[in-house]
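I am opening my notebook on this model.

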Amino acid sequence: MGIHYFYNFCISDIDRADLRGDILSAVRKRYFDRFDRIRDKITVGSEDEPLFYDYAIEKDKLLRWTVKNSSGTVLQEVIPAGEGKYFLYFYRDQKLYKRLLFSRLHTLLKAEYTDDDGTVCASIEPRKVQGGLCLLYESKELKEPLVLSPAPDVSDPILSERMRERFTDYSAVASTNEGIVYFLSDQQTSSFKALLGEVQAELNSEGEESFIDDMPLFEKINAKDFNVKRNLSASLDISHAAVFGAPVEEAEAPVVEPEPVSESGNVAEPEPVPEISADEETAPEEEEIEETEDKKTAEPDKMIMADGAMYSYFGNLDDNGNRSGYGRTMTDLDKVAYVGNYVNDKRSGKGAYFYKDGTLCYSGDWTQNARHGIGIGVSARDGSMHMGNWKNNKPEGNGVRMTADGKILFVCKVLEDGKTVLMHYLPDETVLITKYDREGKKISEKTVSLLDF
């Protein structure tokens, strides 16, 4: 699909803002999804340090945007820039330190950072080069501007997680219609690729995890592959995943799109870097946008800030404004995060939880936001599934573990006397049967050949 809209961006060395929980990005995304008026007043933050947002965005009008703290000090405000354009000023210690320039169509044109005396010290702005949009980075410390390209795409979820932990040397970060995108210089891209090769080699040397070892029973069953927090940002291509147990005509088919594909090589040097005149837009296709009825969707019943991101909720609310009853919570990329039942703003009852790419993570019983009862979980690492009992967010008790292509890995059976039998299905058509006592200590073990039956 590619990057078409920048909702916000910042220079990493100057501004380490968490764009995953950025209110401005969430509001601008909602506007560009529908192109109809958005107006609201919200309070964000803790009781000790609340921030008060008052905003309105609509076609052919300046953005109205004011952010104040509890003492009434203005932290963000809009300043007209002429010709329909406007700046969004950001203040720190009552001094301007950052401003964003927008077009009359609300397109983000530029970000500028200022010194204490108000002079611009650094800036980034979108540029079109071969392969799509990139960012042009200028600074008083640089002899000439740098062209920043999106970081190379890493589709494997485990490899991507390792790279996020170990590579932090990027020049800019942006919230876009393709999610959070990191931008690198040519030198940083080379370093990224070198580290990517090292991390890939490390993963290969670790080898495949095996269930046939001396690992205690409950560690086998409570495998890390089924840890929601660990795999929350992972991507898993299960093209036809749906809500288990629901009638086909009622199941919500998840939105399955490929991961954003970035330029994996260095950005071709422009000849020269094209300039954008005052009358041109960064994304000219916006000039042809017409407001249509199918772009309009219902306003969320509630907006939720969680884990550094903004979510939209559509469904029932109780008298206190908490999610209660049946509802659907959506990510800022318009993918379903959870659909099912809530009690007092927590997942309770039947419901399905999804990874950020829209594929199924877990469907079944919930209690106070924890997977508890009967359900099925899907691993982001390899697509394996665990079907059976869950307790406090982990598989426990009777259950079956299967590979993504339907092969049985093991079956766990709790006996009437409290002992447990674990049956490992091996590639040579044999089954390793192990019995454990109530505390998970191994009692006995034998191997049975399925070919003997």
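**Entry: a salt bridge between strands**

I looked up Asp-365 and found it buried, because its relative accessibility is 17% and the limit for buried is under 20%. I noted that this model is predicted. Next I checked the partner of Asp-365. Asp-365 forms a salt bridge with Lys-350, and their closest N and O atoms are 2.7 Å apart. The pair links distant parts of the chain. I placed Lys-350 in strand E18 (residues 346–354) and Asp-365 in strand E19 (residues 360–367), 15 residues apart. Is Lys-350 buried or exposed? I read 52% relative accessibility for Lys-350, so Lys-350 counts as exposed.

**Entry: other salt bridges**

I reminded myself why such pairs form: side chains of opposite charge can pair when their charged atoms come close. How many salt bridges does a search of the whole structure find? I wrote down 16.

I looked up Lys-419 and found a salt bridge with Asp-417, with 3.6 Å between the closest N and O atoms. Lys-419 is partly exposed at 28% relative accessible area. Asp-417 is also partly exposed, at 35%.

Then I turned to Glu-445. Glu-445 forms a salt bridge with Lys-442, and the closest N and O atoms are 3.5 Å apart. I read 43% relative accessibility for Glu-445, which is partly exposed. Lys-442 is partly exposed too, at 41%. I also found a network: salt bridges that share partners join Arg-99, Lys-110, Glu-112, Glu-125 and Arg-127.

**Entry: cavities**

How many cavities of 30 Å³ or more are there? I noted four. The largest cavity holds about 90 Å³ of space. I checked its lining, which includes Ala-26, Arg-30, Met-310 and Asp-332. Helix H1 (23–34) and strand E15 (309–317) are the elements that give two or more residues to this lining. H1 gives the largest share, five residues. By type, I wrote down four nonpolar, two polar and six charged residues in the lining of the largest cavity.

Ile-23 counts as buried, at 3% relative accessibility. I checked Ile-42, which is 19 residues from Ile-23 along the chain. Their C-alpha atoms are separated by 9.9 Å.

Ser-103 came next, in the loop between strand E7 (95–102) and strand E8 (108–114). I found Ser-103 buried, with a relative accessible area of 0%. The C-alpha atoms of Ser-103 and Phe-87 are 9.1 Å apart, and the two residues are 16 apart along the chain.

**Entry: positive phi angles**

I recalled that most residues other than glycine have a negative phi. Asp-60 sits in the loop between strand E3 (51–57) and strand E4 (64–69). At 63% relative accessibility, I logged Asp-60 as exposed.

Glu-83 also has a positive phi, near 60°. I placed Glu-83 in the loop between strand E5 (74–82) and strand E6 (85–92). Glu-83 is exposed, at 59% relative accessibility.

**Entry: a nonpolar patch**

Ile-408, Tyr-425 and Leu-450 make a nonpolar patch of about 220 Å². I found Ile-408 in strand E23 (residues 408–414). Ile-408 is partly exposed, with 36% relative accessible area.

Conventions
Residues numbered from 1 in each chain as written. Predicted model: local features only at pLDDT ≥ 70, side-chain atom pairs only at ≥ 80, totals over all residues. Heavy atoms only, no water. 1 Å grid on protein atoms, 1.4 Å probe; cavity = no way out; pocket = protein on both sides within 12 Å on 5 of 7 lines; lining within 4 Å. Points joined across faces, edges and corners; volume = space filled by probe spheres on them. Helix = DSSP H or I, 4+ residues; strand = E, 2+ residues; numbered from the N terminus. Nonpolar A, V, L, I, M, F, W, Y, C, P; charged D, E, K, R; others polar. Patch = residues over 30% accessible without salt bridge, like charges linked within 9 Å, V, L, I, M, F, W, Y side chains within 5 Å. Areas by Shrake-Rupley, 256 points an atom, 1.4 Å probe, with all protein chains shown as cover. Salt bridge = Lys/Arg side-chain N within 4 Å of Asp/Glu carboxyl O. Buried < 20%, exposed > 50% of the residue type's maximum accessible area, 1.4 Å probe, protein only.
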